[in-house]
Amino acid sequence: MIDFAAIIQARIGSTRLPGKVMLEVNNQPLIYHLIKRLQFVKNLDSIIVATTTNKRDDIICDFLKKKKIKFFRGSENNVVDRFLKASKKYDIKNIVHITGDCPLIDPHIVSQVISTYKSNNFDYVSNSNIRTYPDGMDVAVFSKKNLQKLSKLTKNKYDLEHLTLFFRRQKKIFSLCNIMAPTNLHYPMLGLTLDERKDYDLIKIIFKKFYKLKDPFTCLDIINFLKKNSHLLKINRKVKRNSLPLLLK
(Lines give C-alpha, C1' and ligand atoms only; values in the text may rest on other atoms or scores of the structure.)
Protein backbone atom coordinates (compact mmCIF):
# COMPACT_ATOMS: atom_id res chain seq x y z
CA MET A 1 0.00 0.00 0.00
CA ILE A 2 1.16 3.53 -0.87
CA ASP A 3 0.90 5.73 2.23
CA PHE A 4 0.88 9.19 0.60
CA ALA A 5 0.51 9.73 -3.14
CA ALA A 6 0.09 12.97 -5.03
CA ILE A 7 -2.70 12.64 -7.56
CA ILE A 8 -2.58 15.41 -10.14
CA GLN A 9 -5.92 16.35 -11.70
CA ALA A 10 -5.25 17.17 -15.36
CA ARG A 11 -7.01 17.24 -18.71
CA ILE A 12 -6.75 18.95 -22.09
CA GLY A 13 -10.32 20.26 -22.14
CA SER A 14 -10.04 23.55 -20.32
CA THR A 15 -12.59 26.17 -21.38
CA ARG A 16 -10.44 29.22 -20.66
CA LEU A 17 -7.10 27.84 -21.88
CA PRO A 18 -7.42 24.54 -23.80
CA GLY A 19 -4.42 22.24 -23.57
CA LYS A 20 -2.83 24.31 -20.83
CA VAL A 21 -1.07 21.46 -19.02
CA MET A 22 0.82 20.61 -22.21
CA LEU A 23 2.00 24.17 -22.91
CA GLU A 24 5.78 24.21 -22.92
CA VAL A 25 8.41 26.03 -20.92
CA ASN A 26 12.08 25.30 -21.55
CA ASN A 27 11.09 22.60 -24.06
CA GLN A 28 8.99 20.60 -21.60
CA PRO A 29 5.22 20.71 -20.93
CA LEU A 30 4.11 22.35 -17.70
CA ILE A 31 2.70 19.05 -16.39
CA TYR A 32 6.24 17.70 -16.45
CA HIS A 33 7.61 20.70 -14.54
CA LEU A 34 4.89 20.19 -11.94
CA ILE A 35 5.79 16.51 -11.54
CA LYS A 36 9.51 17.32 -11.26
CA ARG A 37 8.76 19.84 -8.51
CA LEU A 38 6.65 17.32 -6.61
CA GLN A 39 9.54 14.87 -6.71
CA PHE A 40 11.28 17.12 -4.18
CA VAL A 41 8.55 16.45 -1.59
CA LYS A 42 10.27 13.98 0.75
CA ASN A 43 7.11 12.70 2.45
CA LEU A 44 5.46 11.73 -0.85
CA ASP A 45 5.62 8.06 -1.80
CA SER A 46 4.29 8.30 -5.34
CA ILE A 47 3.03 10.70 -8.02
CA ILE A 48 0.14 9.84 -10.33
CA VAL A 49 -1.66 11.88 -12.98
CA ALA A 50 -5.43 11.39 -13.08
CA THR A 51 -6.75 12.33 -16.49
CA THR A 52 -9.84 11.35 -18.50
CA THR A 53 -10.86 8.71 -21.00
CA ASN A 54 -11.61 11.45 -23.53
CA LYS A 55 -9.55 10.83 -26.68
CA ARG A 56 -8.15 14.37 -26.63
CA ASP A 57 -6.30 13.43 -23.42
CA ASP A 58 -4.31 10.81 -25.34
CA ILE A 59 -1.61 13.45 -25.77
CA ILE A 60 -1.12 13.63 -21.99
CA CYS A 61 -1.00 9.85 -21.63
CA ASP A 62 1.39 9.39 -24.55
CA PHE A 63 3.78 11.87 -22.96
CA LEU A 64 3.52 10.23 -19.52
CA LYS A 65 4.18 6.81 -21.04
CA LYS A 66 7.39 8.09 -22.63
CA LYS A 67 8.51 9.56 -19.31
CA LYS A 68 7.44 6.41 -17.41
CA ILE A 69 5.15 8.41 -15.14
CA LYS A 70 2.14 6.70 -13.56
CA PHE A 71 -1.31 7.78 -14.70
CA PHE A 72 -4.94 6.78 -14.56
CA ARG A 73 -7.80 7.51 -16.96
CA GLY A 74 -11.33 7.91 -15.65
CA SER A 75 -14.52 9.96 -15.85
CA GLU A 76 -14.17 13.47 -17.23
CA ASN A 77 -17.02 14.98 -15.20
CA ASN A 78 -17.12 12.74 -12.12
CA VAL A 79 -13.75 13.64 -10.66
CA VAL A 80 -14.55 11.96 -7.34
CA ASP A 81 -15.01 8.65 -9.15
CA ARG A 82 -11.82 9.25 -11.15
CA PHE A 83 -9.78 9.79 -8.00
CA LEU A 84 -11.39 6.89 -6.17
CA LYS A 85 -10.60 4.46 -8.97
CA ALA A 86 -7.06 5.83 -9.32
CA SER A 87 -6.47 5.38 -5.58
CA LYS A 88 -7.83 1.83 -5.74
CA LYS A 89 -5.74 0.90 -8.75
CA TYR A 90 -2.51 2.04 -7.09
CA ASP A 91 -3.57 0.99 -3.57
CA ILE A 92 -3.25 4.47 -2.09
CA LYS A 93 -4.12 5.13 1.54
CA ASN A 94 -3.89 8.96 1.59
CA ILE A 95 -4.39 11.31 -1.35
CA VAL A 96 -2.47 14.55 -1.84
CA HIS A 97 -4.67 16.49 -4.26
CA ILE A 98 -2.84 18.72 -6.74
CA THR A 99 -4.35 20.39 -9.79
CA GLY A 100 -2.52 20.52 -13.11
CA ASP A 101 -2.88 24.30 -13.28
CA CYS A 102 -0.42 24.78 -10.37
CA PRO A 103 2.97 24.17 -12.08
CA LEU A 104 4.77 26.57 -9.69
CA ILE A 105 3.65 24.77 -6.54
CA ASP A 106 6.21 24.90 -3.73
CA PRO A 107 7.39 21.42 -2.60
CA HIS A 108 8.01 22.80 0.90
CA ILE A 109 4.37 23.91 1.21
CA VAL A 110 3.14 20.51 0.00
CA SER A 111 5.38 18.84 2.57
CA GLN A 112 4.02 21.06 5.34
CA VAL A 113 0.42 20.18 4.52
CA ILE A 114 1.26 16.46 4.51
CA SER A 115 3.13 16.74 7.82
CA THR A 116 0.20 18.56 9.43
CA TYR A 117 -2.16 15.83 8.25
CA LYS A 118 0.15 13.08 9.56
CA SER A 119 0.57 14.61 13.00
CA ASN A 120 -3.13 15.34 13.62
CA ASN A 121 -6.50 13.63 13.34
CA PHE A 122 -8.15 15.90 10.78
CA ASP A 123 -10.09 14.35 7.92
CA TYR A 124 -9.07 17.09 5.50
CA VAL A 125 -6.05 19.41 5.60
CA SER A 126 -5.63 22.20 3.06
CA ASN A 127 -4.03 25.61 2.60
CA SER A 128 -6.71 27.10 0.35
CA ASN A 129 -10.06 26.77 2.10
CA ILE A 130 -9.28 30.23 3.43
CA ARG A 131 -6.93 31.77 0.89
CA THR A 132 -3.78 33.28 2.36
CA TYR A 133 -1.13 31.80 0.05
CA PRO A 134 -0.82 32.95 -3.58
CA ASP A 135 -3.30 31.28 -5.92
CA GLY A 136 -1.34 28.40 -7.43
CA MET A 137 0.09 27.00 -4.19
CA ASP A 138 -3.01 24.91 -3.45
CA VAL A 139 -2.79 21.46 -1.90
CA ALA A 140 -5.21 19.27 0.06
CA VAL A 141 -4.73 15.94 1.85
CA PHE A 142 -7.43 13.39 2.72
CA SER A 143 -7.77 9.63 2.92
CA LYS A 144 -9.18 7.25 0.33
CA LYS A 145 -11.50 6.04 3.09
CA ASN A 146 -13.01 9.50 3.49
CA LEU A 147 -13.27 9.98 -0.26
CA GLN A 148 -15.27 6.74 -0.37
CA LYS A 149 -17.47 8.13 2.40
CA LEU A 150 -17.96 11.35 0.42
CA SER A 151 -18.98 9.42 -2.70
CA LYS A 152 -21.73 7.66 -0.74
CA LEU A 153 -23.04 10.87 0.84
CA THR A 154 -23.61 12.92 -2.32
CA LYS A 155 -24.78 12.29 -5.85
CA ASN A 156 -24.86 15.96 -6.73
CA LYS A 157 -23.07 16.47 -10.07
CA TYR A 158 -21.46 19.70 -8.85
CA ASP A 159 -19.98 17.92 -5.82
CA LEU A 160 -18.70 15.08 -7.95
CA GLU A 161 -17.13 17.41 -10.51
CA HIS A 162 -15.36 19.58 -7.92
CA LEU A 163 -13.41 17.05 -5.88
CA THR A 164 -12.88 18.87 -2.58
CA LEU A 165 -16.07 20.97 -2.45
CA PHE A 166 -18.14 18.53 -0.39
CA PHE A 167 -15.33 18.14 2.16
CA ARG A 168 -15.10 21.88 2.62
CA ARG A 169 -18.78 22.59 3.10
CA GLN A 170 -19.66 19.61 5.30
CA LYS A 171 -17.92 20.64 8.50
CA LYS A 172 -20.32 18.60 10.63
CA ILE A 173 -19.26 15.43 8.83
CA PHE A 174 -15.55 16.01 8.18
CA SER A 175 -13.03 17.67 10.48
CA LEU A 176 -11.11 20.35 8.59
CA CYS A 177 -7.80 22.13 9.06
CA ASN A 178 -6.73 25.15 7.03
CA ILE A 179 -3.06 26.13 7.09
CA MET A 180 -2.53 29.88 7.04
CA ALA A 181 0.42 31.42 5.21
CA PRO A 182 3.21 33.00 7.25
CA THR A 183 3.60 36.77 6.83
CA ASN A 184 6.30 36.51 4.16
CA LEU A 185 4.06 34.28 1.99
CA HIS A 186 0.77 36.04 2.70
CA TYR A 187 -0.15 37.20 -0.80
CA PRO A 188 -3.68 35.85 -1.46
CA MET A 189 -4.24 38.22 -4.41
CA LEU A 190 -1.15 37.03 -6.27
CA GLY A 191 -2.12 34.83 -9.22
CA LEU A 192 0.43 32.07 -9.87
CA THR A 193 -2.03 29.58 -11.28
CA LEU A 194 -2.59 28.75 -14.95
CA ASP A 195 -6.06 29.95 -15.94
CA GLU A 196 -5.49 32.08 -19.03
CA ARG A 197 -2.83 32.92 -21.63
CA LYS A 198 -1.59 35.88 -19.57
CA ASP A 199 -0.86 33.50 -16.70
CA TYR A 200 1.21 31.36 -19.05
CA ASP A 201 3.18 34.45 -20.08
CA LEU A 202 4.07 35.18 -16.44
CA ILE A 203 4.78 31.54 -15.55
CA LYS A 204 7.21 31.28 -18.49
CA ILE A 205 9.14 34.29 -17.20
CA ILE A 206 9.34 32.82 -13.68
CA PHE A 207 10.54 29.42 -14.88
CA LYS A 208 13.13 30.97 -17.18
CA LYS A 209 14.38 33.19 -14.36
CA PHE A 210 15.08 30.25 -12.07
CA TYR A 211 15.93 27.64 -14.71
CA LYS A 212 19.22 26.01 -13.63
CA LEU A 213 19.60 28.77 -11.02
CA LYS A 214 17.83 27.10 -8.11
CA ASP A 215 16.05 23.79 -8.03
CA PRO A 216 13.50 23.71 -6.61
CA PHE A 217 12.81 27.41 -6.32
CA THR A 218 10.24 28.31 -3.68
CA CYS A 219 7.14 30.43 -3.30
CA LEU A 220 9.26 32.95 -1.39
CA ASP A 221 11.77 33.06 -4.27
CA ILE A 222 8.91 33.88 -6.65
CA ILE A 223 7.49 36.56 -4.35
CA ASN A 224 10.88 38.23 -3.89
CA PHE A 225 11.51 38.14 -7.64
CA LEU A 226 8.14 39.76 -8.37
CA LYS A 227 8.69 42.37 -5.67
CA LYS A 228 11.91 43.42 -7.39
CA ASN A 229 10.20 43.32 -10.79
CA SER A 230 6.75 44.64 -9.92
CA HIS A 231 6.03 45.57 -13.53
CA LEU A 232 5.59 41.84 -14.21
CA LEU A 233 2.51 41.79 -12.01
CA LYS A 234 0.69 43.74 -14.69
CA ILE A 235 0.90 40.78 -17.07
CA ASN A 236 -1.93 38.78 -15.50
CA ARG A 237 -3.45 41.31 -13.11
CA LYS A 238 -6.76 41.44 -14.98
CA VAL A 239 -7.28 37.67 -15.08
CA LYS A 240 -10.43 36.78 -13.16
CA ARG A 241 -10.05 33.84 -10.79
CA ASN A 242 -12.82 31.32 -10.38
CA SER A 243 -13.93 30.57 -6.85
CA LEU A 244 -16.35 27.80 -5.98
CA PRO A 245 -19.35 28.69 -3.83
CA LEU A 246 -19.43 26.46 -0.74
CA LEU A 247 -23.20 26.47 -0.56
CA LEU A 248 -25.19 25.13 -3.46
CA LYS A 249 -28.30 26.95 -4.57
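## Helix H1

The buried residues of H1 are Leu30, Ile31, Tyr32, His33, Leu34, Ile35, Arg37 and Leu38, where buried means under 20% relative accessible area with a 1.4 Å probe and protein chains only. That is eight of the nine residues in the helix (residues 30-38), so H1 is largely enclosed by the rest of the structure. Helices here are DSSP runs of H or I with at least four residues, strands are runs of E with at least two, and both are numbered from the N terminus.

This is a predicted model, so local features need pLDDT of at least 70 and side-chain atom pairs count only at pLDDT 80 or more, while totals for chains, interfaces and linings use all residues. Residues are numbered from 1 along each chain as its sequence is written, and side-chain values use heavy atoms, with hydrogens and water left out.

## The sheet and its helices

Seven strands make an open sheet with mixed pairing, in the order S5-S4-S1-S6-S8-S7-S9; two strands pair if DSSP finds at least two bridges between them. At the edges sit S5 (70-74) and S9 (176-178), each pairing on one side only. From one strand to the next, the twist averages 25 degrees. S7 (residues 124-126) runs parallel to S9 over three bridges, and Val125 has Cys177 in S9 as its bridge partner.

Helix H2 (residues 58-66) packs on the sheet, touching S4 (46-52) and S5, with its direction at about 160 degrees to that of S5. Contact means heavy atoms within 4.5 Å. Angles run from 0 to 180 degrees between N-to-C directions, and axes are lines fitted to C-alpha atoms, for helices over the stretch in contact. Helix H5 (residues 144-153) also packs on the sheet, touching S6 (92-99) and S8 (140-143), and its direction makes about 80 degrees with that of S8.

## Aromatic pairs

There are 10 aromatic pairs, counted when ring centres of Phe, Tyr and Trp (its six-membered ring) lie within 6.5 Å; planes under 30 degrees apart are stacked, over 60 edge-to-face and the rest tilted. Phe4 and Tyr117 are edge-to-face, at 5.9 Å centre to centre and 85 degrees between the planes. Phe4 lies in S1 (residues 2-9) and Tyr117 in H4 (residues 107-118), so this pair ties together parts 113 residues apart in sequence. Phe4 is buried at 3% relative accessible area, and Tyr117 is buried at 11%.

Phe166 and Phe174 have ring centres 6.4 Å apart and planes at 75 degrees, so they are edge-to-face too. Phe166 is buried at 5%, and Phe174 at 1%. Ring pairs link both into a cluster with Tyr124, Phe142 and Phe167.

How values were computed:
Buried means under 20% relative accessible area, exposed over 50%, partly exposed in between (1.4 Å probe, protein chains only).
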